[in-house]
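This briefing is intended to be read beside the sequence and the coordinates. Please keep both at hand while going through the points.

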Amino acid sequence: MPTLAADDALADCLRSLESQTFDRFEVIVVDNSGARRAQAALPGETPRVRILANDRNLGFGAAVNQAFRASEAPYFITLNDDAVPDAHWLEALLQAVEARPSAGMYACQVRLAGNDRLAGSHLLDSTGMLIAADGSSKQRGHGESPEKFAHFKDALCPSGSAALYRRKMLDEIGLFDESFFLYCEDTDLGLRARRAGWDCAYVPAAIVEHRYSHSAGRASPLKAYYVERNRLFTAIKNLPLPMLLRAPFISVARYFWHLASILEGRGKVAEYRQAGHSAALLPFLVLRAHAAAIFRLPRLLADRRRITKTARLTPREFRDLLARYSISIRQVAAL
């Protein structure tokens with residue numbers, strides 16, 4: 001559990017873990033605040049909690065990897081510090097692990113936490129990830145009713161806000177890409193796992209309430225930059241070549257739909273404007289993201305070759321898989 005703010009949300013999360021019906025687990029909190037704030041947020045006696053404190057913010061992926069290397073558990077769960085799991089959450093995940101041994105990843109039913117939680121408990125944040133043709137990823141079911149996804153059995157990959165991974169799978173495919181720093185690491189890892197032949201199970205009984213974008217803000221220049229840059233990183237590393245060659249043209253169309261969404265007053269770009277940020281900054285952020293991808297291109301292509309070399313799915317099989325969990329660019333802009 002990486003934490004930056006280490007505030008009351010972290011304390012709420014830790015309290016919820018103490019109430020789990022399954023109790024054979026350890027909590028590793030990775031304090032990225034640089035000020036050792038996590039210790040002060042601990043809610044009383046918490047003997048199962050171990051804190052790893054960093055001198056600076058290493059980012060989400062690096063913090064999760066740090067915890068993974070400090071643990072020997074066969075199953076590894078990522079959980080945002082602004083998430084509150086249901087008391088049966090871990091029990092439901094472990095039952096799914098036993099029922100689906102072919103899966104290497106398990107996606108939770110992540111619900112949006114409202115101001116009073118009860119109000120937000122009827123809307124979803126995520127039931128796994130969807131991917132667009134240009135590498136953009138979005139949460140499946142975001143803003144929809146949990147009942148609509150009550151009987152789904154699979155997902156493309158889980159949201160890192162609440163996900164279980166098999167150590168065996170991570171030992172095989174590698175950990176989170178630390179160069180992402182923030183956002184899309186879960187999609188990148190999930191695509192690498194699927195290409196290597198691992199399944200992802202969706203566990204609707206594993207319920208978590210999540211304060212969406214509590215740490216980095218619901219719509220901010222920081223988020224806009226990292227989401228766009230890391231979309232490029234994800235696409236270059238993972239998309240089948242025909243999709244990758246089409247991706248720049250599809251992105252242009254997505255930018256058009258983002259503009260249309262501003263005029264309609266919906267979508268992330270409209271939310272960005274409503275938060276008081278300048279729309280004139282967005283083209284600069286996009287250019288900066290592309291420049292960062294070009295600068296890192298040799299490393300990304302080396303990663304791509306390594307992923308392709310160890311793939312168990314053929315390019316056609318992988319394209320068909322992505323098509324089953326696709327989202328249109330117009331939907332990406334509207335969400």
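The structure is a predicted model. Two cavities of 30 Å³ or more are present in it, and the second largest pocket has a volume of about 550 Å³. Helix α12 has buried residues on one face, and α7 is mostly covered.

**Helix α12**

- Helix α12 spans residues 315–324, and within it F318, L321 and L322 are buried. Viewed down the axis of α12, these buried residues fall within an arc of 95°, so they line one face of the helix.
- An α-helix has 3.6 residues a turn, so residues three or four places apart point the same way.
- R316 and R324 are exposed, on the other side of α12.

**Helix α7**

- Helix α7 has 18 residues and reaches 26 Å from its first C-alpha to its last, close to the 26 Å expected at 1.5 Å a residue.
- Of the 18 residues in α7, 14 are buried.

**Positive phi values**

- Most residues other than glycine have a negative phi.
- A6 has a phi near 50°, a positive value in a residue other than glycine. A6 lies in the loop between β1 (2–3) and α1 (8–18).
- A6 counts as buried because its relative accessibility is 9%, where the cut-off for buried is under 20%.
- C184 likewise is a residue other than glycine with a positive phi, here near 75°. The loop that holds C184 lies between α5 (167–173) and α6.
- C184 is buried, with a relative accessible area of 12%.

**Largest cavity**

- The largest cavity holds about 50 Å³ of space.
- Its lining is formed by W257, A260, S261, E264, R266, R330, A333 and A334. The elements that give two or more residues to this lining are α8 and α13 (329–334).
- Helix α8 provides the largest share of the lining of the largest cavity, 4 residues.
- By class, the lining of the largest cavity divides into 4 nonpolar, 1 polar and 3 charged residues.

**Second largest cavity**

- The second largest cavity has a volume of about 30 Å³.
- M1, P2, V30, A63, V64, A67, F76, I77 and T78 line the second largest cavity.
- Helix α3 (60–69) and strand β4 (75–79) each supply at least two residues of that lining.
- The lining of the second largest cavity comprises 8 nonpolar residues and 1 polar residue, with no charged residues.

**Second largest pocket**

- The second largest pocket is lined by 20 residues, of which F25, E26, A73, Y75 and I77 lie nearest its centre. I77 is also among the residues that line the second largest cavity.
- Strands β2 (27–31) and β4, together with helix α4 (89–99), each supply at least two residues of the pocket lining. Strand β4 gives the most, with 4 residues.
- The pocket lining has 17 nonpolar, 1 polar and 2 charged residues.

**Residue I28**

- I28 is found in strand β2. With a relative accessible area of 8%, I28 is buried.
- Not counting residues up to four places away in sequence, I28 touches M1, R50, L52, A67, A70 and S71. Among these contacts, M1 and A67 also line the second largest cavity.
- I28 and P2 are 26 residues apart along the chain, and their C-alpha atoms are separated by 8.4 Å.

**Residue P298**

- P298 has its place in helix α11, which runs over residues 297–309.
- P298 is exposed because its relative accessible area is 58%, where exposed means over 50%.
- P298 and A6 are 292 residues apart in sequence, and their C-alpha atoms are 36 Å apart in space. Of this pair, A6 counts as buried, whereas P298 is exposed.

Technical notes
Residues numbered from 1 in each chain as written. Predicted model: local features only at pLDDT ≥ 70, side-chain atom pairs only at ≥ 80, totals over all residues. Heavy atoms only, no water. Buried < 20%, exposed > 50% of the residue type's maximum accessible area, 1.4 Å probe, protein only. Arc of directions from axis to C-beta. 1 Å grid on protein atoms, 1.4 Å probe; cavity = no way out; pocket = protein on both sides within 12 Å on 5 of 7 lines; lining within 4 Å. Points joined across faces, edges and corners; volume = space filled by probe spheres on them. Nonpolar A, V, L, I, M, F, W, Y, C, P; charged D, E, K, R; others polar. Expected span 1.5 Å × (residues − 1). Contact = heavy atoms within 4.5 Å.
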